[in-house]
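Hi,

Here is the structure I promised to pass on. Have a look, and my notes follow below.

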Protein chains: 4
Amino acid sequence: MVFIMKPNVPEEKIRSFAAGWEERGFGTILSVGTEHTAVCLIGNTAAVDIDHVVETSGIVAYGKRITEQYKAVNRTVHADSTIVRVGDVRIGEGTFTVISGPCSVESEEQILEVASRVKAAGARILRGGAFKPRTSPYSFQGLQADGIKLLLQAKKETGLPIVSEIMNQTQTPYFEDVDIVQIGARNMQNYDLLRAVGKMNKPVLLKRGIASTIEELLMSAEYILAAGNKNVILCERGIRTFEPMTRNTLDLSAVVLLKQKSHLPVIVDPSHAAGIRSLVAPLAKAVLAVGADGIMVETHNNPAAALCDGAQSLDLDQFDALMEDLKKRAPLENKTL
Amino acid sequence: MVFIMKPNVPEEKIRSFAAGWEERGFGTILSVGTEHTAVCLIGNTAAVDIDHVVETSGIVAYGKRITEQYKAVNRTVHADSTIVRVGDVRIGEGTFTVISGPCSVESEEQILEVASRVKAAGARILRGGAFKPRTSPYSFQGLQADGIKLLLQAKKETGLPIVSEIMNQTQTPYFEDVDIVQIGARNMQNYDLLRAVGKMNKPVLLKRGIASTIEELLMSAEYILAAGNKNVILCERGIRTFEPMTRNTLDLSAVVLLKQKSHLPVIVDPSHAAGIRSLVAPLAKAVLAVGADGIMVETHNNPAAALCDGAQSLDLDQFDALMEDLKKRAPLENKTL
Amino acid sequence: MVFIMKPNVPEEKIRSFAAGWEERGFGTILSVGTEHTAVCLIGNTAAVDIDHVVETSGIVAYGKRITEQYKAVNRTVHADSTIVRVGDVRIGEGTFTVISGPCSVESEEQILEVASRVKAAGARILRGGAFKPRTSPYSFQGLQADGIKLLLQAKKETGLPIVSEIMNQTQTPYFEDVDIVQIGARNMQNYDLLRAVGKMNKPVLLKRGIASTIEELLMSAEYILAAGNKNVILCERGIRTFEPMTRNTLDLSAVVLLKQKSHLPVIVDPSHAAGIRSLVAPLAKAVLAVGADGIMVETHNNPAAALCDGAQSLDLDQFDALMEDLKKRAPLENKTL
Amino acid sequence: MVFIMKPNVPEEKIRSFAAGWEERGFGTILSVGTEHTAVCLIGNTAAVDIDHVVETSGIVAYGKRITEQYKAVNRTVHADSTIVRVGDVRIGEGTFTVISGPCSVESEEQILEVASRVKAAGARILRGGAFKPRTSPYSFQGLQADGIKLLLQAKKETGLPIVSEIMNQTQTPYFEDVDIVQIGARNMQNYDLLRAVGKMNKPVLLKRGIASTIEELLMSAEYILAAGNKNVILCERGIRTFEPMTRNTLDLSAVVLLKQKSHLPVIVDPSHAAGIRSLVAPLAKAVLAVGADGIMVETHNNPAAALCDGAQSLDLDQFDALMEDLKKRAPLENKTL
């Protein structure tokens, strides 16, 4: 249940209103926006009489029941679209943020070359895996802490903010200077990790699990917001289906639905979805057209020699070409790259 | 195995070359294109020595083994993109053909109003279901033959070519004046029906089954071409996945792959894929951006009262708005609507 | 909505009660069973007052609303388990009917050898494909009408009733002497074919589509019953999932649910579900234990040379061994083979 | 690549043989069994000449390439079926181990009552969730450390070994006296957690992820064995499909394949697979018949009031009845309960 406050009610009164509910055993979420300020109740509200609250509180404009299990991420509770800020990058409405870089950080030379080239082409954020979740214990597991150091070096040299995947909550110290911490698809329902990044003071890029529903993705985001971190970026990256020709099936309907149902920004990773290089550019154009807030694309200076996911990585020239194409298209969407 | 002919070889020689293979027990497909003319062998070619054929035939430029089971629809065999012509409408490269109309033809008034409005908005082909495959035997099954008559009347009044679904091979007489005959998703592997439309002298719109792979869709198209009809339009319309929030999951990667692997035009039906009206326009934009050759969109003059699929149908004003938007976007794709 | 009649009401009165509803625009299904006789209404029953009907009719014991779309196949409407009789074979409660034979009829020698051996081992019905739905137009399509003739010859020599797949409604004449007509998975929603077999005077074996829900399977059976044929056997044969190691994923929960929700017998085809010979016997044991009414197993006299599905076919000795095992187990389930 | 040693080769020689490969940069797995002792190489073995090794080593009977990515769990490497021992319980060939208890530990009274009753009925191990992974942050998250304490109390009073789920690697201290540590479906690819339990000196029950392939499950088990823990029990618990009538689709083919491909014991959780109480008993019988080594079944003293998964929990009498039925069936499988 959410109560939308009348305009210009002093915050003190709203906090006191919320406190009253907490005394009665409810959890509360306070959502302050330009469209409205709202207090959302968590708990069994079956016995709450909305009309009575509106009449007696003096500060509530109206109330409504929220049937969805997700509350803090719900656009009904928080009508303003969330803008996640990373340095001077704004992720969310009005922009189409391109995140690029290799699947794995492999060497200083590799990450610096890729970083400078994707920056020159127009990428706003550098991605790179240091701690890598791999199906086989015998596969390359990433450069680990050294990978993070190389990313930080690339950040220093190019000025690009960086995003990298965290695999468990004991790794948080490594991510102190990382700009965005990523939760990978396999960890989307690793709730202790969600709680841990919910306490970090930096944006979280939350990838949809390969067999997770849209609602489950929102519920996982809810864990992060419930732990105190409102800067969550949702990421569609393909779901597992019967179709064998692609690695996963990219679900662009999810982008539209996520943006309808939640105020959080939504980006798409066409590289992992397709698993095939030649699909990345056409899908990226579709991602822009469908209304997403950005893409994350794997780019490598030598895909044929990549230690991970080479088959889906663009080379540097292909990334240049993609960016040229996206730049032509962004104005039609009223977005800046 | 496909043999690409040298340029300017007389057709007679090529036919004689093919006949030689048929005498040896192979099937052959003759593919004549601007890029090249080719003869494709059907059967067990393991023992065929390509180099020997090239050397001795005098007319073969080169040969290669085709690992795919689909031959006639394979771009390796036929390099030119197929353009399907319906009146003055060209479906295929260079155009983005919009097909629209109601899920079911319900009345003269309904189909005439929808037809004139979608034509005015820029649709090039009118769709309308007369024979309706319904999950329940107790649901409205379409107006049947009367539905076809109403479509023909709408065609006469607006000049729009029409497309409608055939449910079994005994219905072919009803479709004599229908411009494009549609095979629905449930019938994609109804092979006797595929053979029957393969003998009709008109284009076939073949929808992907809800749980059919891309390769199976191509194999079903192969049935139609093998029966003699080269005018096949493939249609992606969403696949069945675990995600409950949409009717099906639209698979735009399939569009890219189908166009890479086959020379046939590919259109998309975002209405059935999503099952939700508010998703149709964003998905339609993505369909255009990803490189498809058209869309098929359900439009109704009164969706709330539709006898079928109202929840996913655009109303006439929404269709106008979508067409305005697509018109702005088509030039970026070098396509005409 | 279903009305359960009081005991011993004369049939004439019940027919007259049903006729009254038909006059008011409803469809009706009359279900006569040992547990009760019932009249089920088809149509919008929102305005029907059950209590009023009970009070005024004099013959209705009680009524209830049926939320499911399926009516005639619904156990709520028809409480007695249906027994399908084929010669002296009873398919349904109390028996575990083993149907076996090759995927395709290939030759006289083959079908006669397989038939006599599976009969000797204890199979009660012979299966064999004559009209084969194949993904590729270039694959063996079955012996067609000749295949049916060979099956009839095997029936004559062994006394085994036969089951074979029909692919379209124009083929019904070929099936005149076939004991059970099979609808394959690809045709589960070929509604015109369902209507056609609904008018045939013989049992129908209806296979679940590879991506059809349990409810859709019941709705397809409803088509057959609605057309007048109550002798339908449902067949679970595996569904399409992301798992690549098996051809399909056998869904044994479906067996339990189908038997709870419907009165129709349910058998299982473990051969197509698994697609791997070594899985057939363990799955067959599980099928018996879970409560199914039978299995359909592919057996071939020379699986390595089979024209179709050899990898999943048992050889004759393996089938013998499976039958020995099932015979030991059937008493525990209070079933006769 | 695996090298099978000749019989009676002294262990010292085998270790020296393995050490030689490690010096050349390969990883090695030493597998000692009654059927044979084997040394498996990890790494790129393309250049290794098997015949040369057999000839020159003097101790190798034969070698073969292993195409599967999983090595230590592979039955080709380790032919003997692994028996996992927990107190006097033997999990693996020859037994059918029933694990039962509530989804969540809720109170002393609850867990003690359930424990004593499931023991009396014949369960050999008590399950109970203390740390609960829940889709919503607002749902009951389990009694946490207190839940473990209550389980230990139940263990003390009944003598039943206990199994409970660990959610992250910082929780290992709580599990010191827990007999079997469980990895839940959501954590099947939480590789850091797999490594952590791989270093614990106790059996691990590893559940298949809801959208994980059989091969991925084996690869996750490989992580645990590679970290040093050979006592892994695999658990099939249903996979996510399009079918909405059950919570998940139980995949019994997976049981057969897992036992063919791996030497690890395999149990099944029909409660989570079905999500419906009335399906648990029939599925449990199928699990026994298909050849699994046990089941894990949720039982509650008051399912209607359960804080979690009540709809799929058996009550105590239903569990009694199930055990009676399984006891009758086990001899047919040559298994003891």
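What covers the buried residues of H1(B)? The cover includes strand S1 (2–5), strand S2 (27–32), strand S3 (37–42), helix H2 (50–57) and strand S4 (60–64) of chain B. Contact here means heavy atoms within 4.5 Å, and helices (H or I, at least four residues) and strands (E, at least two) are DSSP runs, numbered from the N terminus.

Before the rest, some ground rules: this is a predicted model, where local features need pLDDT of at least 70, side-chain atom pairs count only at pLDDT 80 or more, and totals for chains, interfaces and linings use all residues. Residues are numbered from 1 along each chain as its sequence is written, chains are lettered from A and ligands numbered from 1 in the order in which they are written, and side-chain values use heavy atoms, with hydrogens and water left out.

Back to H1(B): B:Ile14, B:Phe17, B:Ala18 and B:Trp21 are buried (under 20% relative accessible area; exposed is over 50%, partly exposed in between, with a 1.4 Å probe and protein chains only). They cover an arc of only 95 degrees around the axis, so they sit on the same side of H1(B); the arc is taken from the directions from the helix axis to the C-beta atoms. On the other side of H1(B), B:Glu12 and B:Glu23 are exposed. After H1(B) comes B:Gly25, with a positive phi near 100 degrees.

Best wishes
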